[in-house]
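Dear colleague,

I am handing over the structure below, and my notes on it follow directly after.

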Amino acid sequence: MYGSGRVIPSLIVFVGLMTFAIWYNAGKAQQLPDPEKPAEYEECVRDTQFMRKSHMVLLHEWRDDILRKSGQRTGVTASGLRYDRSLQKGCMNCHDDRKKFCDECHDYAAVTPDCWGCHLEPTKEAR
Amino acid sequence: MRVLKALIAVVALILVALVVAQVPGGQSLLGIVLPYLAFAIFLGGFIYKVVEWARSPVPFRIPTTCGQENSLPWIKQNKLDCPSTKAGVVGRMALEILLFRSLFRNTRASIHDGPKLAYGSNKWLWLFALLFHYSFLVIVLRHMRLFTDPVASFILPLEFIDGFLEVGATTIYQSSFILLAAVTFLFLRRLVRPYLRYISLPADYFPLLLIFAIGLSGILMRHVFRTDVVTVKELAVGLATFSPSINGEIGVIFFVHIFLVSVLMAYFPFSKLMHLGGIFMSPTRNMANNNRMVHHVNPWNDPKIKPHTYAAYEDEFREFMVDAGLPVEKELPAAAPEEKVPAAEETTDK
(Lines give C-alpha, C1' and ligand atoms only; values in the text may rest on other atoms or scores of the structure.)
Protein backbone atom coordinates (compact mmCIF):
# COMPACT_ATOMS: atom_id res chain seq x y z
CA MET A 1 0.00 0.00 0.00
CA TYR A 2 1.30 3.41 -0.93
CA GLY A 3 1.05 6.35 1.45
CA SER A 4 0.00 4.12 4.31
CA GLY A 5 1.29 6.76 6.72
CA ARG A 6 -1.59 8.99 5.65
CA VAL A 7 -4.21 6.45 4.58
CA ILE A 8 -4.31 4.32 7.73
CA PRO A 9 -4.65 7.20 10.24
CA SER A 10 -7.30 8.78 8.01
CA LEU A 11 -9.25 5.53 7.93
CA ILE A 12 -9.00 5.25 11.73
CA VAL A 13 -10.36 8.79 12.08
CA PHE A 14 -13.13 7.97 9.61
CA VAL A 15 -14.20 4.83 11.46
CA GLY A 16 -14.01 6.74 14.74
CA LEU A 17 -16.34 9.43 13.41
CA MET A 18 -18.76 6.94 11.91
CA THR A 19 -18.98 4.95 15.13
CA PHE A 20 -19.33 8.10 17.25
CA ALA A 21 -22.61 6.95 18.78
CA ILE A 22 -21.11 3.61 19.82
CA TRP A 23 -18.21 4.94 21.85
CA TYR A 24 -20.17 7.95 23.08
CA ASN A 25 -22.75 5.65 24.69
CA ALA A 26 -20.28 2.98 25.74
CA GLY A 27 -20.57 2.04 29.39
CA LYS A 28 -23.62 4.20 30.03
CA ALA A 29 -26.90 2.59 30.90
CA GLN A 30 -29.74 3.99 28.87
CA GLN A 31 -31.85 6.35 31.02
CA LEU A 32 -35.34 5.84 29.68
CA PRO A 33 -37.74 8.69 30.39
CA ASP A 34 -40.35 7.96 33.01
CA PRO A 35 -43.01 10.66 32.93
CA GLU A 36 -44.93 10.77 36.17
CA LYS A 37 -48.59 9.90 35.62
CA PRO A 38 -51.28 11.60 37.69
CA ALA A 39 -52.47 9.39 40.52
CA GLU A 40 -56.12 10.42 40.58
CA TYR A 41 -56.96 9.93 36.88
CA GLU A 42 -57.11 6.78 34.78
CA GLU A 43 -57.48 8.13 31.24
CA CYS A 44 -56.26 11.06 29.20
CA VAL A 45 -58.30 12.99 26.64
CA ARG A 46 -57.17 10.56 23.94
CA ASP A 47 -55.59 7.11 24.01
CA THR A 48 -51.99 6.74 25.16
CA GLN A 49 -50.48 5.92 21.77
CA PHE A 50 -52.10 8.98 20.22
CA MET A 51 -50.89 11.18 23.05
CA ARG A 52 -47.39 9.77 22.82
CA LYS A 53 -46.98 10.64 19.17
CA SER A 54 -49.42 13.48 18.50
CA HIS A 55 -50.07 15.51 21.67
CA MET A 56 -48.54 18.56 20.00
CA VAL A 57 -50.98 18.26 17.13
CA LEU A 58 -53.84 18.23 19.60
CA LEU A 59 -52.51 21.38 21.28
CA HIS A 60 -52.32 23.11 17.92
CA GLU A 61 -55.83 21.97 17.06
CA TRP A 62 -57.13 23.44 20.29
CA ARG A 63 -55.31 26.68 19.68
CA ASP A 64 -56.58 27.05 16.12
CA ASP A 65 -60.09 26.01 17.08
CA ILE A 66 -60.48 28.26 20.10
CA LEU A 67 -58.47 31.32 19.17
CA ARG A 68 -59.11 31.49 15.44
CA LYS A 69 -62.54 29.89 15.06
CA SER A 70 -64.08 30.68 18.48
CA GLY A 71 -64.48 26.97 19.13
CA GLN A 72 -65.49 25.15 22.31
CA ARG A 73 -63.24 25.73 25.30
CA THR A 74 -64.12 22.40 26.86
CA GLY A 75 -64.09 18.86 25.55
CA VAL A 76 -65.37 15.51 26.72
CA THR A 77 -63.29 12.34 27.05
CA ALA A 78 -64.40 8.94 25.76
CA SER A 79 -65.80 8.04 29.17
CA GLY A 80 -67.65 11.35 29.56
CA LEU A 81 -65.31 13.45 31.67
CA ARG A 82 -65.25 17.17 30.85
CA TYR A 83 -61.89 18.88 30.47
CA ASP A 84 -60.54 22.30 29.56
CA ARG A 85 -58.99 22.39 26.11
CA SER A 86 -56.00 24.26 27.40
CA LEU A 87 -52.37 23.56 28.19
CA GLN A 88 -52.29 25.41 31.49
CA LYS A 89 -55.82 24.72 32.68
CA GLY A 90 -56.35 21.39 30.94
CA CYS A 91 -53.22 19.30 30.57
CA MET A 92 -51.47 20.74 33.57
CA ASN A 93 -54.52 20.27 35.72
CA CYS A 94 -53.56 16.61 35.98
CA HIS A 95 -49.96 16.57 34.73
CA ASP A 96 -49.05 19.27 37.19
CA ASP A 97 -45.29 18.99 37.21
CA ARG A 98 -43.54 20.10 34.05
CA LYS A 99 -40.16 18.77 35.18
CA LYS A 100 -41.50 15.34 36.03
CA PHE A 101 -43.81 15.00 33.07
CA CYS A 102 -43.10 17.15 30.00
CA ASP A 103 -39.37 17.51 30.34
CA GLU A 104 -38.78 13.80 30.92
CA CYS A 105 -39.33 12.87 27.27
CA HIS A 106 -38.49 16.26 25.77
CA ASP A 107 -35.02 16.23 27.31
CA TYR A 108 -34.52 12.60 26.34
CA ALA A 109 -35.32 13.30 22.69
CA ALA A 110 -33.69 16.77 22.63
CA VAL A 111 -36.99 18.46 21.88
CA THR A 112 -37.35 22.07 22.97
CA PRO A 113 -40.96 23.09 22.39
CA ASP A 114 -41.67 26.81 22.56
CA CYS A 115 -44.70 26.43 24.89
CA TRP A 116 -42.93 28.13 27.78
CA GLY A 117 -42.06 31.20 25.78
CA CYS A 118 -45.59 32.44 26.52
CA HIS A 119 -47.21 29.97 28.89
CA LEU A 120 -46.49 29.84 32.56
CA GLU A 121 -46.06 26.69 34.46
CA PRO A 122 -48.84 26.80 37.10
CA THR A 123 -47.50 27.05 40.61
CA LYS A 124 -48.67 24.64 43.28
CA GLU A 125 -50.59 27.42 45.08
CA ALA A 126 -52.42 28.51 41.96
CA ARG A 127 -53.87 25.04 41.51
CA MET B 1 -35.54 4.02 -19.88
CA ARG B 2 -32.68 4.24 -17.45
CA VAL B 3 -34.47 6.58 -15.09
CA LEU B 4 -37.39 4.16 -14.96
CA LYS B 5 -35.13 1.33 -13.81
CA ALA B 6 -33.92 3.43 -10.90
CA LEU B 7 -37.44 4.54 -10.06
CA ILE B 8 -38.73 0.97 -10.09
CA ALA B 9 -35.86 -0.08 -7.82
CA VAL B 10 -36.68 2.61 -5.24
CA VAL B 11 -40.42 1.94 -5.36
CA ALA B 12 -39.76 -1.78 -4.98
CA LEU B 13 -37.59 -1.12 -1.93
CA ILE B 14 -40.35 0.98 -0.35
CA LEU B 15 -42.89 -1.76 -1.02
CA VAL B 16 -40.59 -4.40 0.45
CA ALA B 17 -40.27 -2.36 3.63
CA LEU B 18 -44.02 -1.75 3.79
CA VAL B 19 -44.74 -5.46 3.50
CA VAL B 20 -41.96 -6.77 5.73
CA ALA B 21 -42.88 -4.32 8.51
CA GLN B 22 -46.30 -6.01 8.76
CA VAL B 23 -44.96 -9.55 8.94
CA PRO B 24 -44.25 -10.99 12.41
CA GLY B 25 -40.56 -10.56 13.13
CA GLY B 26 -40.26 -8.23 10.17
CA GLN B 27 -39.85 -5.19 12.39
CA SER B 28 -36.84 -6.72 14.12
CA LEU B 29 -35.38 -7.59 10.74
CA LEU B 30 -35.83 -4.07 9.35
CA GLY B 31 -35.05 -2.25 12.58
CA ILE B 32 -32.22 -4.31 14.02
CA VAL B 33 -30.69 -6.96 11.75
CA LEU B 34 -30.50 -5.04 8.49
CA PRO B 35 -29.17 -1.78 9.99
CA TYR B 36 -26.30 -3.71 11.65
CA LEU B 37 -25.60 -5.61 8.48
CA ALA B 38 -25.73 -2.47 6.34
CA PHE B 39 -23.47 -0.55 8.72
CA ALA B 40 -20.93 -3.38 8.70
CA ILE B 41 -21.01 -3.46 4.89
CA PHE B 42 -20.64 0.31 4.83
CA LEU B 43 -17.57 0.40 7.08
CA GLY B 44 -15.98 -2.74 5.65
CA GLY B 45 -16.68 -1.75 2.06
CA PHE B 46 -15.39 1.77 2.63
CA ILE B 47 -12.11 0.53 4.11
CA TYR B 48 -11.78 -2.10 1.37
CA LYS B 49 -12.26 0.50 -1.35
CA VAL B 50 -9.82 3.00 0.13
CA VAL B 51 -7.18 0.33 0.70
CA GLU B 52 -7.68 -0.94 -2.83
CA TRP B 53 -7.11 2.56 -4.16
CA ALA B 54 -4.10 3.06 -1.93
CA ARG B 55 -2.61 -0.14 -3.31
CA SER B 56 -2.87 1.09 -6.88
CA PRO B 57 0.42 2.58 -8.00
CA VAL B 58 0.45 6.15 -9.24
CA PRO B 59 3.64 6.08 -11.29
CA PHE B 60 3.45 9.65 -12.54
CA ARG B 61 2.93 13.09 -11.08
CA ILE B 62 -0.40 13.88 -12.66
CA PRO B 63 -1.92 16.89 -10.90
CA THR B 64 -4.38 18.78 -13.04
CA THR B 65 -2.99 22.20 -13.70
CA CYS B 66 -5.73 24.77 -13.60
CA GLY B 67 -3.56 27.86 -13.45
CA GLN B 68 -0.05 29.21 -13.94
CA GLU B 69 2.50 26.81 -12.60
CA ASN B 70 5.52 27.80 -10.53
CA SER B 71 7.95 29.26 -13.03
CA LEU B 72 10.36 32.17 -13.29
CA PRO B 73 10.30 34.63 -10.39
CA TRP B 74 8.51 37.42 -12.27
CA ILE B 75 5.69 35.14 -13.45
CA LYS B 76 2.98 35.00 -10.83
CA GLN B 77 2.09 31.45 -9.84
CA ASN B 78 -1.50 30.43 -9.19
CA LYS B 79 -0.78 28.78 -5.87
CA LEU B 80 -4.19 27.20 -5.38
CA ASP B 81 -4.95 26.00 -8.87
CA CYS B 82 -1.47 24.74 -9.60
CA PRO B 83 0.16 24.19 -6.22
CA SER B 84 3.83 23.31 -6.02
CA THR B 85 4.01 22.92 -2.25
CA LYS B 86 2.29 20.77 0.33
CA ALA B 87 0.55 23.80 1.82
CA GLY B 88 -0.81 24.67 -1.61
CA VAL B 89 -2.13 21.14 -2.06
CA VAL B 90 -3.81 21.27 1.34
CA GLY B 91 -5.41 24.58 0.38
CA ARG B 92 -6.54 23.24 -2.95
CA MET B 93 -8.00 20.08 -1.41
CA ALA B 94 -9.72 22.05 1.35
CA LEU B 95 -11.37 24.35 -1.18
CA GLU B 96 -12.38 21.38 -3.29
CA ILE B 97 -13.80 19.35 -0.42
CA LEU B 98 -15.41 22.14 1.57
CA LEU B 99 -16.51 24.49 -1.21
CA PHE B 100 -16.57 22.34 -4.38
CA ARG B 101 -14.25 24.67 -6.27
CA SER B 102 -14.18 22.55 -9.40
CA LEU B 103 -17.97 22.76 -9.70
CA PHE B 104 -17.71 26.51 -9.21
CA ARG B 105 -15.68 26.63 -12.39
CA ASN B 106 -18.39 24.81 -14.30
CA THR B 107 -19.12 26.38 -17.67
CA ARG B 108 -21.82 25.80 -20.18
CA ALA B 109 -21.30 25.83 -23.91
CA SER B 110 -23.99 27.29 -26.12
CA ILE B 111 -24.27 27.92 -29.84
CA HIS B 112 -25.62 31.24 -31.07
CA ASP B 113 -26.48 32.57 -34.53
CA GLY B 114 -23.47 32.97 -36.67
CA PRO B 115 -22.82 30.18 -35.70
CA LYS B 116 -20.88 31.25 -32.65
CA LEU B 117 -19.80 29.07 -29.79
CA ALA B 118 -19.97 30.72 -26.39
CA TYR B 119 -19.00 29.53 -22.94
CA GLY B 120 -20.82 31.01 -19.98
CA SER B 121 -20.51 30.67 -16.25
CA ASN B 122 -22.95 28.14 -14.84
CA LYS B 123 -23.16 28.08 -11.08
CA TRP B 124 -26.40 26.16 -10.53
CA LEU B 125 -24.79 22.77 -10.18
CA TRP B 126 -22.29 24.21 -7.71
CA LEU B 127 -24.99 25.95 -5.67
CA PHE B 128 -27.33 22.99 -5.40
CA ALA B 129 -24.53 20.50 -4.85
CA LEU B 130 -23.32 22.65 -1.97
CA LEU B 131 -26.82 22.93 -0.51
CA PHE B 132 -27.35 19.22 -0.91
CA HIS B 133 -24.13 18.12 0.74
CA TYR B 134 -24.27 20.53 3.66
CA SER B 135 -27.93 19.77 4.37
CA PHE B 136 -27.06 16.10 4.32
CA LEU B 137 -24.26 16.71 6.80
CA VAL B 138 -26.54 18.69 9.13
CA ILE B 139 -29.20 16.01 8.90
CA VAL B 140 -26.77 13.22 9.73
CA LEU B 141 -25.37 15.21 12.66
CA ARG B 142 -28.72 16.08 14.14
CA HIS B 143 -29.86 12.47 13.87
CA MET B 144 -27.29 11.88 16.58
CA ARG B 145 -29.90 13.19 19.02
CA LEU B 146 -31.58 9.82 18.58
CA PHE B 147 -28.37 7.84 19.03
CA THR B 148 -26.82 9.55 22.03
CA ASP B 149 -28.13 9.37 25.57
CA PRO B 150 -27.66 11.83 27.19
CA VAL B 151 -27.88 13.98 24.07
CA ALA B 152 -24.44 15.07 22.84
CA SER B 153 -23.75 18.72 23.53
CA PHE B 154 -23.31 19.82 19.92
CA ILE B 155 -26.87 18.76 19.07
CA LEU B 156 -28.82 21.46 20.90
CA PRO B 157 -27.28 24.47 19.11
CA LEU B 158 -27.60 22.59 15.82
CA GLU B 159 -31.27 21.83 16.52
CA PHE B 160 -31.86 25.45 17.44
CA ILE B 161 -30.32 26.79 14.24
CA ASP B 162 -31.90 24.17 12.01
CA GLY B 163 -35.33 24.70 13.55
CA PHE B 164 -34.88 28.46 13.68
CA LEU B 165 -38.07 29.22 11.75
CA GLU B 166 -40.20 27.58 14.46
CA VAL B 167 -42.91 26.62 12.01
CA GLY B 168 -45.38 23.91 12.98
CA ALA B 169 -46.14 21.80 16.01
CA THR B 170 -43.07 19.71 15.55
CA THR B 171 -40.78 22.44 14.32
CA ILE B 172 -39.67 21.99 10.75
CA TYR B 173 -35.97 21.72 10.05
CA GLN B 174 -34.79 23.85 7.16
CA SER B 175 -32.18 21.29 6.21
CA SER B 176 -34.81 18.61 5.44
CA PHE B 177 -36.53 20.80 2.92
CA ILE B 178 -33.35 22.24 1.46
CA LEU B 179 -32.13 18.68 0.94
CA LEU B 180 -35.30 17.67 -0.86
CA ALA B 181 -35.23 20.78 -3.04
CA ALA B 182 -31.58 20.30 -3.91
CA VAL B 183 -31.90 16.61 -4.67
CA THR B 184 -34.92 17.40 -6.86
CA PHE B 185 -32.86 19.94 -8.77
CA LEU B 186 -29.99 17.51 -9.22
CA PHE B 187 -32.41 14.87 -10.46
CA LEU B 188 -34.30 17.15 -12.84
CA ARG B 189 -31.03 18.49 -14.17
CA ARG B 190 -30.13 15.02 -15.39
CA LEU B 191 -33.60 14.50 -16.76
CA VAL B 192 -34.21 17.80 -18.52
CA ARG B 193 -30.88 18.47 -20.21
CA PRO B 194 -30.69 16.12 -23.20
CA TYR B 195 -26.90 15.80 -23.11
CA LEU B 196 -26.99 14.95 -19.40
CA ARG B 197 -29.79 12.46 -19.91
CA TYR B 198 -27.70 10.87 -22.63
CA ILE B 199 -24.78 10.17 -20.28
CA SER B 200 -26.85 9.34 -17.18
CA LEU B 201 -27.11 5.76 -16.05
CA PRO B 202 -29.44 4.05 -13.57
CA ALA B 203 -26.52 4.32 -11.13
CA ASP B 204 -26.80 8.11 -11.43
CA TYR B 205 -30.53 8.28 -10.88
CA PHE B 206 -30.80 5.62 -8.22
CA PRO B 207 -28.89 7.39 -5.41
CA LEU B 208 -30.77 10.63 -6.09
CA LEU B 209 -34.14 8.90 -5.96
CA LEU B 210 -33.12 6.86 -2.95
CA ILE B 211 -31.99 9.94 -1.03
CA PHE B 212 -35.16 11.73 -2.06
CA ALA B 213 -37.22 8.82 -0.71
CA ILE B 214 -35.22 8.83 2.52
CA GLY B 215 -35.74 12.56 2.96
CA LEU B 216 -39.42 12.36 2.14
CA SER B 217 -40.04 9.41 4.46
CA GLY B 218 -38.25 11.29 7.23
CA ILE B 219 -40.37 14.40 6.72
CA LEU B 220 -43.55 12.32 6.57
CA MET B 221 -42.55 10.53 9.74
CA ARG B 222 -41.92 13.79 11.58
CA HIS B 223 -44.78 15.88 10.29
CA VAL B 224 -47.54 13.74 8.82
CA PHE B 225 -47.79 10.15 10.05
CA ARG B 226 -45.79 10.73 13.23
CA THR B 227 -44.30 8.08 15.35
CA ASP B 228 -43.45 7.80 18.99
CA VAL B 229 -39.98 9.30 19.13
CA VAL B 230 -39.21 7.84 22.58
CA THR B 231 -39.65 4.27 21.33
CA VAL B 232 -37.59 5.10 18.26
CA LYS B 233 -34.80 6.56 20.34
CA GLU B 234 -34.86 3.57 22.66
CA LEU B 235 -34.24 1.39 19.63
CA ALA B 236 -31.59 3.71 18.18
CA VAL B 237 -29.61 3.96 21.42
CA GLY B 238 -30.08 0.21 21.76
CA LEU B 239 -28.44 -0.22 18.35
CA ALA B 240 -25.52 1.97 19.41
CA THR B 241 -25.05 0.06 22.68
CA PHE B 242 -25.54 -3.38 21.09
CA SER B 243 -28.67 -4.08 23.11
CA PRO B 244 -31.43 -3.21 20.65
CA SER B 245 -35.08 -3.87 21.37
CA ILE B 246 -38.39 -2.60 20.06
CA ASN B 247 -40.57 -1.88 23.08
CA GLY B 248 -43.78 -0.33 21.91
CA GLU B 249 -45.51 0.69 18.79
CA ILE B 250 -43.48 2.25 15.99
CA GLY B 251 -45.18 3.41 12.80
CA VAL B 252 -44.54 1.59 9.52
CA ILE B 253 -43.12 4.80 8.06
CA PHE B 254 -40.16 4.46 10.41
CA PHE B 255 -39.35 1.04 9.00
CA VAL B 256 -39.53 2.36 5.46
CA HIS B 257 -37.13 5.14 6.46
CA ILE B 258 -34.61 2.93 8.23
CA PHE B 259 -34.74 0.28 5.50
CA LEU B 260 -33.96 2.84 2.82
CA VAL B 261 -31.11 4.20 4.93
CA SER B 262 -29.78 0.65 5.35
CA VAL B 263 -29.91 0.19 1.59
CA LEU B 264 -28.06 3.47 1.12
CA MET B 265 -25.33 2.43 3.58
CA ALA B 266 -24.86 -0.98 2.00
CA TYR B 267 -24.89 0.50 -1.51
CA PHE B 268 -22.53 3.34 -0.63
CA PRO B 269 -19.07 1.76 -0.93
CA PHE B 270 -19.79 0.13 -4.27
CA SER B 271 -21.23 3.13 -6.05
CA LYS B 272 -20.45 6.64 -7.19
CA LEU B 273 -21.21 7.74 -3.65
CA MET B 274 -17.71 6.56 -2.75
CA HIS B 275 -16.50 9.97 -3.92
CA LEU B 276 -16.65 10.65 -0.18
CA GLY B 277 -13.45 8.66 0.14
CA GLY B 278 -12.34 9.03 -3.44
CA ILE B 279 -11.95 12.77 -3.39
CA PHE B 280 -9.12 12.41 -0.89
CA MET B 281 -7.47 9.76 -3.04
CA SER B 282 -7.57 11.66 -6.37
CA PRO B 283 -4.02 11.82 -7.69
CA THR B 284 -4.95 14.66 -10.00
CA ARG B 285 -5.82 16.79 -6.97
CA ASN B 286 -3.71 15.61 -4.06
CA MET B 287 -0.31 15.92 -5.71
CA ALA B 288 1.90 18.98 -5.85
CA ASN B 289 2.92 20.11 -9.31
CA ASN B 290 6.65 20.16 -8.60
CA ASN B 291 7.82 18.15 -11.58
CA ARG B 292 10.44 20.75 -12.41
CA MET B 293 11.91 21.00 -8.93
CA VAL B 294 11.94 17.47 -7.60
CA HIS B 295 13.22 14.31 -9.20
CA HIS B 296 10.40 11.82 -8.81
CA VAL B 297 11.45 8.20 -8.79
CA ASN B 298 8.97 5.56 -9.74
CA PRO B 299 8.10 4.07 -6.34
CA TRP B 300 8.40 0.45 -7.33
CA ASN B 301 11.66 0.74 -9.25
CA ASP B 302 13.96 -2.12 -8.22
CA PRO B 303 17.11 -0.50 -6.81
CA LYS B 304 19.14 -3.51 -7.98
CA ILE B 305 18.44 -2.64 -11.60
CA LYS B 306 21.10 -0.09 -12.54
CA PRO B 307 20.70 2.43 -15.34
CA HIS B 308 21.75 0.99 -18.67
CA THR B 309 23.14 3.63 -21.02
CA TYR B 310 23.31 3.32 -24.77
CA ALA B 311 27.10 3.21 -24.65
CA ALA B 312 26.97 0.23 -22.32
CA TYR B 313 24.32 -1.38 -24.47
CA GLU B 314 26.47 -0.99 -27.55
CA ASP B 315 29.47 -2.39 -25.68
CA GLU B 316 27.39 -5.41 -24.83
CA PHE B 317 25.99 -6.07 -28.29
CA ARG B 318 28.56 -4.44 -30.62
CA GLU B 319 29.63 -7.68 -32.29
CA PHE B 320 26.05 -8.68 -33.01
CA MET B 321 25.19 -5.23 -34.25
CA VAL B 322 28.14 -5.16 -36.61
CA ASP B 323 27.25 -8.65 -37.79
CA ALA B 324 23.72 -7.56 -38.49
CA GLY B 325 24.93 -4.48 -40.33
CA LEU B 326 23.57 -2.00 -37.82
CA PRO B 327 25.44 1.29 -37.48
CA VAL B 328 27.53 1.57 -34.32
CA GLU B 329 29.08 4.63 -32.74
CA LYS B 330 32.32 2.85 -31.94
CA GLU B 331 33.72 0.36 -34.44
CA LEU B 332 34.91 -3.06 -33.40
CA PRO B 333 38.60 -3.07 -32.44
CA ALA B 334 40.86 -4.51 -35.09
CA ALA B 335 42.34 -7.23 -32.88
CA ALA B 336 40.65 -9.03 -30.03
CA PRO B 337 43.47 -9.00 -27.37
CA GLU B 338 43.89 -5.21 -27.63
CA GLU B 339 40.19 -4.63 -27.18
CA LYS B 340 40.25 -2.99 -23.78
CA VAL B 341 43.15 -0.61 -24.23
CA PRO B 342 41.87 1.56 -27.12
CA ALA B 343 38.48 1.71 -25.51
CA ALA B 344 39.99 3.25 -22.37
CA GLU B 345 42.06 5.67 -24.49
CA GLU B 346 39.06 6.83 -26.34
CA THR B 347 37.07 7.68 -23.24
CA THR B 348 39.96 9.68 -21.78
CA ASP B 349 40.29 11.58 -25.09
CA LYS B 350 36.79 12.79 -24.80
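Predicted model: local features only at pLDDT ≥ 70, side-chain atom pairs only at ≥ 80, totals over all residues.

Residues are numbered from 1 along each chain as its sequence is written, and chains are lettered from A and ligands numbered from 1 in the order in which they are written.

Helix α3 of chain B covers residues 86-99, helices being DSSP runs of H or I with at least four residues and strands runs of E with at least two, numbered from the N terminus. With its 14 residues α3(B) reaches 19 Å from first to last C-alpha, close to the 20 Å expected at 1.5 Å a residue (the expected span is 1.5 Å times one less than the number of residues).

Chain B is divided into domain 1 (2-281) and domain 2 (310-349), with bounds from an automatic or database domain assignment, and the centres of these two domains, taken over C-alpha atoms, are 67 Å apart.

As for the interface, 31 residues of chain A are in contact with 33 residues of chain B, contact meaning that the C-beta atoms, placed from the backbone, lie within 7 Å. On the side of chain A that touches chain B, α3(A) gives the largest share, 8 residues.

Best regards

Key: Contact = placed C-beta atoms within 7 Å.
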